[in-house]
Amino acid sequence: MNALHIKLIRELRRLWAQVASIGLVIAAGVAALIIGMGTYQSLEKTRADYYARNNFADVFASVARAPRSLLPAIGELDGVLVVDARIVRLAPADVEGLAEPASVLLISLPAGPQPLNQLHLRSGRLPEAGQTTEAVVSEVFATARGLVPGSRLDVVMNGTHRSVTITGIALAPDYIYAMTPGDIMPSEGRFGVLWMPEATIAATYDLTGAFNTVSLKLAPGAATNTIIAGLDRLLAPYGGQGAYGRSQQTSHVFLDAELTQLRGMSAVLPPIFLVVAAFLVNMTLTRLIALEREQIGLLKALGYGSWSIAWHYVEFVLLIAVLGIVAGYGFGIWAGNALTVLYARYYSFPVLTFSRDPAIYVIAAAVTMGASVLGAVRAVRQAAWLPPAVAMMPPAPPVYRRILGARNPFHLEVPQRWIIASRHLLHWPWRTAGGVVGLALATAILIGSLWSVGAINYMVDYTFNRTERQDGTITFLGSRPAAALYEVARLPGVLAAEPFASLGVEISKGPVSRRIGLTAYAGGSDQTRLLDDRFRPVVLPEEGVIISRSLARLLRVGLGDSVEIRPLDGGGQTYSVSVAGLMEGYLGLAAYMDLEALDTLLGRSPQISGVNVEIDERQQAELFAALKATPALGMISLRSVALERFRETMAQNMFVMIGVLLAMAGVIAFGVVYNFARISLSEQGREMASLRVLGFSRGEVSMLLLSEIAMVTLLAQPIGWLLGIGLARGMVSSFSSELFTMPLVLELDVFVYSTAVVMAAAGLSGLVVRRRIDRLDMIAVLKTRE
């Protein structure tokens, strides 16, 4: 260890508080990078491994009823490697401990090995051949309902009650994110998947020798669109409902949306922290070198070269970076593990662990060190190449000038301490600007995260209070005549009933198409309303379709334009419909029609898919009992349950991230203010000690420095608000997907809370520095340095 190394250690000990504050900012940036990239990589790699290990399909299709003799023709399509045909049916279930009827998705298991979408058994075994009442259940449903191998479940299969014995608990790659068909959120404990022997389901639903879903595994590089077109052509005579690729598979789409959000966070937040860290390094090092000019000159006089001195200060910066990187690793791994545990609650993977890929940590360290060194370049260059004679001379005293000339045209009575503080800030404009920008970025991060609280509340109010106002929705297992409305209306506890029809369609304009649910309501429906962006009810037209603005943007259509609608329930006929209106919609892509207009368009007798009901809470138990006794009526979903699941699933993830961002923004604010104040104190220590000798109190002297902090903090707020609005817009863009369209809701309280947090962190930092002012040794400070 040479002399420069000993000097380096002494400087780290002397400046430990500033080193710690800079290190915390660096740690926050490293942690943000590790959390975002690590969680993203964990989900992506786990999904890819799971898909490969369990042979997840590439193309999916549903059909009304197709013979198994069609499978060889499907397998002969160019590029198809494996074909797997199954039978899938939705059925009601009576679950112990659940008042309302649950629903299960029945999926057939082949007698031999599973070609595609293979199950991953967590416990128990698969059903034995010839056993007609055995099944494997999905893990999420089993956990929520306390089911274990040996438990029994009452399922209504094609109108017949059957007591099914659970033989195993499993996961499946096509149901990583399992939910009732047509829903936008999973309903743990109210919806599950049951895998049963194919012979049992085929015999029950009269599908022996037939199938109603098919999955394909494609060769690498195969033309997916060509294969989908060929599959549609083969299935069309049998009621094909349109094939689609993995990119439109429900479970895959939801996980993709989550990965998009993580990727956006990784791209936006770490650069902000690294910019602030580089600024703090430059600010601290510039001041340190200014105080050590004489030492630099002495070192040069003793024979140390410019490069040795430059490397000495670069080492100082690298040590700070290393401390921040180590702390960032620790916090990033801890927070990443916590976030991964949270994701594991919603996504059913066999194993989900936080990524330990060394590349992430190497990238985080390299980027951080690079940013730190770049922040130090200017200060190091100026110091290392100073001639010894110049370095030994003290720097020229600062020159102050009048800002407004000899007169004050505004004739304002400004306190003297504010004049002193403003002159000191203006004398160092770049440092002041850096402090303002650093605090503005802290404010911007808070605004860019807190907006989501208002957005979620807005979405909840819009969706569950203003548009979907029914207490419950009874969905039939298939389309039924319009007279079924009166059967529901006579059920106990039903105060009001309004019919609706739901139809899976492919809506397209030119080459752009999407598979969505088209919903039709009767004219004058009050329980479910469509609203525009001003919360005004949108009346369903006698002709045409109303679509959500997000769908209109995807299709690039507006009012009066025509779109093509192809029902997915067979037939393959396409209808041209005009866009009669646009509505706001935040959960998925949607299209709506008048119920009578839909029946007329399709040329069918009046049919409905379900009924929205208003329920008397006093008779809710009787209603559930009646529905269980008449399973042909279908299943009921409750608005209160949907709201609870929405808050738990979406809001909880958001609030966890907000908590992390709040802590990180506070670190930025504290680090910027503390370093700014310490440097200002080192420059004005003599003046402050002089004022103390002249009789000024500790509080009066401290106000000089606190006034500077207050002015910088206040100047940063408007800039932070503007940057925060831009950051929030970027977050909206990165978080929004075809599943969710996040509204930008920036209410006054977002700005108030953001500014309050930054001011609190700045105030805390100011109080820490004030303690140093109170402990000033007036004699030592006033001594002339020889």
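T46 counts as buried, because its relative accessibility is 14% and the cut-off for buried is under 20%. Keep in mind that this is a predicted model. T46 is part of helix α2, which covers residues 16-53. A polar atom of the T46 side chain lies 2.6 Å from the backbone oxygen of S42. Setting aside residues up to four places away in sequence, T46 touches Q41, F349, V351 and L352.

Helix α2 turns up again in the largest nonpolar core. That core has 129 residues, and its members L285 and I668 touch the most other members. The biggest contribution to this core comes from α2, with 16 residues. What does I668 contact, leaving aside its neighbours within four places in sequence? The list is V25, I272, F273, V276, G438, A442 and I445. Another core lies apart from this one; it holds 43 residues, including I516, A591, V613 and L638.

Now for a helix pair. The axes of α1 (residues 3-14) and α9 (residues 306-346) come within 10 Å, crossing at roughly 40 degrees. Is the crossing of α1 and α9 left-handed or right-handed? It is right-handed. On the α1 side, the residues that meet α9 are L4, H5, K7, L8, E11 and L12. Their partners in α9 are S308, H312, Y313, E315, F316 and L319. Sorted by class, the contact of α1 with α9 has six nonpolar, three polar and three charged residues.

Last stop is helix α16, residues 595-602, where L595, A597, L598, D599 and L602 are buried. What do the buried residues of α16 pack against? They pack against a set of strands, tabulated here.

| Strand | Residues |
|---|---|
| β13 | 494-509 |
| β14 | 512-521 |
| β16 | 562-567 |
| β17 | 575-583 |
| β18 | 590-594 |
| β19 | 607-615 |

Both ends of α16 have something to look at. D594 caps the N-terminal end of α16, with a side-chain oxygen 3.1 Å from the backbone nitrogen of E596. Just after α16, G603 takes a positive phi of about 65 degrees.

Note on methods:
Residues are numbered from 1 along each chain as its sequence is written. This is a predicted model: local features need pLDDT of at least 70, side-chain atom pairs count only at pLDDT 80 or more; totals for chains, interfaces and linings use all residues. Side-chain values use heavy atoms; hydrogens and water are left out. Axes are lines fitted to C-alpha atoms, for helices over the stretch in contact, and angles run from 0 to 180 degrees between N-to-C directions. Helices (H or I, at least four residues) and strands (E, at least two) are DSSP runs, numbered from the N terminus. A crossing is left-handed if the near helix is turned anticlockwise from the far one by less than a right angle, and right-handed if clockwise. Contact means heavy atoms within 4.5 Å. Ala, Val, Leu, Ile, Met, Phe, Trp, Tyr, Cys and Pro count as nonpolar, Asp, Glu, Lys and Arg as charged, and the others, Gly among them, as polar. Buried means under 20% relative accessible area, exposed over 50%, partly exposed in between (1.4 Å probe, protein chains only). A polar contact is a pair of N or O atoms within 3.5 Å; within protein, one must be able to donate a hydrogen and the other to accept it, and residues adjacent in sequence count only if both atoms are side-chain atoms. A nonpolar core is a set of buried Ala, Val, Leu, Ile, Met, Phe, Trp, Tyr and Cys residues joined through side-chain atoms within 4.5 Å.
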